[in-house]
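Please look over the sequence and the structure before reading on.

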Amino acid sequence: MKISTKDLWAGGILMLLAFIGLYINGGLLGFGLEQHTLGSARRMGPGYMPMLVFWLQFGLGAMVFILALTNGPDPLEPWTKLDLTTLAISVAVGIIIWRVMEGMGVTTNYVQVGIACFVALLVLSISPAWRPLGLVLASFAIFALLLEPLGLMLSITALCVISALADREHNPISIVGMSVFLCILCWFVFIYELDIRVPLWPTIFG
Amino acid sequence: MELFANLAHGFGVALSLDNLLFALLGALIGTAIGVLPGIGPVATISLLLPITFGQPATTAIIMLAGIYYGAQYGGSTTAILLNLPGEVSSVVTALDGYKMARNGRAGAALTIAALGSFFAGSVATLVVAASGPMLTSVALSFGPADYFSLMLLGLIISAVLAQGSVLKAIAMVVLGVALGLVGTDVQTGQQRFTFGVPELSDGLGFVSIAMGIFGLGEIILNLERPEARQVMSGKVGSLMLTREEFRRSVPAVLRGTAIGSVLGILPGGGASLSAFGSYMLERKISKYGSTLGTGAIEGVAGPESANNAAAQTSFIPLLTLGIPANAVMALMVGALIIQGIQPGPRMVEAQPDLFWGLICSMWVGNLMLLVINLPMIGMWVKLLQVPYKYLYPAILVFCAIGVYSLNNSVFDVYQTLFFGILGYIFSKLQMPAAPLLIGFVLGPMMEEHLRRAMLLSRGDVGVFVERPISATLLALAAIVLAAMALPALRSGKDKALAE
């Protein structure tokens, strides 16, 4: 068999997303949550177009999936055991943090999402193969987390430091230099020129 | 002549100090990102969208357009000097351009690329000016059913012309349409797929999707495969063309301009497809076709003219029908809607400043690019020496602040992060992301037209085949799809896109 693993996954993901959509929307042959009114072809309700779109997507996903069985071989890059383990732990850690914080009611400004993402992505970047993905996205999460409480300058610095770790060529001096440069540049462009409304320095103390 | 009166009006708009300045800024930024590999016009324009909010609509669009066609110029510079195409559209330029550089004719290659682009850009500007109002008058007779069919045709063509499997591209279009469903239903006010999140009631963020998939995704992929950067070795040499080179280039430029102008209009076409198309044509038609690939000047002149012509004419569907031809145009729709302008056939009448000003600014911008690129080539080569390790954190910071400042909300930053993950998965599974973006933009419009058409026809699906315009468009869509099922054509397309 010449299986295209990439297409197998692609088709699977498309079908899964379509199934979830149908499950929430309605139009899944009487199953599901049926949150939206379907209406009729003449007077379409909010759920009619989603129903059409998701069934179409499901069908296309199925075609991709079936054709994948013969149009390969097109394998994914192999995953090591470390890759798999970190991915599993990372997802688990993320979900636990998110659920616990939500349970405790700490949800101001999506802080629960931010912390869950940040920690999960750091865990993910333990594995070398996931490092660019994990650290680049983690730097984005820490920026969002710190921006409103600690201000623009510190969040830019945090973003620089974390994202710089994704590339082995950086050393401490280059990171510091780059952070300072970007802080000044962003102050000039976004605060001085464009005047966006964002705290510049920590607001907790002032 | 009405056309000339309109063009004069347009030049009045384009030559105002503000608009000149922002056209120059756009052209400069465009050249810069064109030169730098790893960041393309889609990511840059989505990055700069938030900044354009404060400007008048015309100025904003003029600047964003400048970035797009500026990138076509810049992309060719690195392709010729370093064999490193800054943009997909200059991949073919690298084939002969780099060979020319190694033969000591780098200067000549750069000159013909810039001159060819300028000529093509000027012709394409005229094409846009002439065909715009004509198409608009046709478009005004369109009913909801016709619009629906037109968008369907657009989506199908854009999927068919995307790189890789047509089936996956169509599936991605549909996924994009599905993402466009999120938010408040316009007709009933019901919340769809918002999961109780108030920020989602306006729908998913267009900028977040574009920036996440194209910006973040691209950075991650670049970091995963650290390529050794080549250092420019040879000298640029004389910029002057020899008489022989000039004589050989003229027909190639003319052919490239023609093919680019036509292919640019097609949805999903745009710059890269035209460059490939022109290269194939030169190989077949040109007297020196057999020498292509060994440093023939036709291989630079043709594709470079074609990609610039296409960058220009791909504005036609947007300006006349309100339908984006490619991902960059989808961003333009976003920019217009944010400014409160609904792109469509009424734009020519309602926004003459925008329409004619933009067209004329394209020509002005092309002239600026000629100056920016030829005498100042050394400066752009210097830019290449900025290592990627400094570049990507800067892009990340700009992304993050840009997304946040859209609504002053960290939710948008997390949203972008989510689409960054999604974009990473897409690229690993070779699912093309550009069709998704076009689907996302067109989806809500299609739903509206579909519902209106069905209401008018009392639920009779026949309306789509009974109206002649709609029927023709649907037939075209069917033909396009059927043609792609033919194995001969499919392999031809793969060949054209894969080289």
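Q: What is the mean pLDDT of chain A?
A: The model is predicted, and pLDDT is the predictor's own confidence in each residue, on a scale from 0 to 100. In chain A, 98% of the residues reach 70 or more. The mean pLDDT of chain A is 86.

Q: In which helix of chain A is confidence highest?
A: Within chain A, confidence is lowest in helix 6 of chain A, where the mean is 86. At the other end, a mean of 92 belongs to helix 2 of chain A.

Q: How many helices does chain A have?
A: Read from the N terminus on, the elements of chain A follow the order α-α-α-α-α-α. Chain A has zero strands, and its number of helices is six.

Q: What is the radius of gyration of chain B?
A: Chain B has 23 helices and two strands. The globule rule gives 23 Å for 499 residues, and the value for chain B is close to that, so chain B is as compact as a globular protein of that length, with a radius of gyration of 22 Å.

Q: What percentage of the residues of chain B count as buried?
A: The C-alpha atoms of chain B fill a box of roughly 70 × 50 × 50 Å along the principal axes. Among contacts in chain B between residues at least 6 apart in sequence, 79% join residues at least 24 apart. Of the 499 residues of chain B, the share that count as buried is 62%.

Q: Which helix of chain A gives the largest share of the side that touches chain B?
A: In the predicted model, 58 residues of chain A are in contact with 51 residues of chain B. The elements that give two or more residues to the side of chain A that touches chain B include helix 1 (5-25) and helix 2 (48-68) of chain A. By class, that side of chain A has 40 nonpolar, eleven polar and seven charged residues. The largest share, 16 residues, comes from helix 5 of chain A.

Q: How far apart are the end C-alpha atoms of residues 173-192 of chain A?
A: An unreviewed UniProt entry places the feature "transmembrane region" at several spans of chain A, among them residues 136-166 and 173-192. Residues 136-166 of chain A are 94% helix and 0% strand, with end C-alpha atoms 7 Å apart. Residues 173-192 of chain A are 100% helix and 0% strand, and their end C-alpha atoms are apart by 27 Å.

Q: At what angle do helix 5 and helix 6 of chain B pack?
A: On the side of helix 5 of chain B, B:Thr93, B:Gly97, B:Met100 and B:Ala101 meet B:Ala106, B:Ala108, B:Ala109 and B:Ala113 of helix 6 of chain B. By class, this contact has six nonpolar, two polar and no charged residues. The axes of helix 5 (residues 91-102) and helix 6 (residues 106-139) of chain B are 7 Å apart, and the helices pack at an angle of about 140°.

Note on methods: Residues numbered from 1 in each chain as written. Chains lettered and ligands numbered in written order. Predicted model: local features only at pLDDT ≥ 70, side-chain atom pairs only at ≥ 80, totals over all residues. Axes fitted to C-alpha atoms, helices over the stretch in contact; angles between N-to-C directions. Helix = DSSP H or I, 4+ residues; strand = E, 2+ residues; numbered from the N terminus. Contact = placed C-beta atoms within 7 Å. Nonpolar A, V, L, I, M, F, W, Y, C, P; charged D, E, K, R; others polar. Rg over C-alpha atoms; globule rule 2.2 N^0.38 Å. Buried ≥ 20, exposed ≤ 12 C-beta atoms within 10 Å, placed from the backbone. UniProt positions renumbered as here; feature names shortened; annotations may be inferred.
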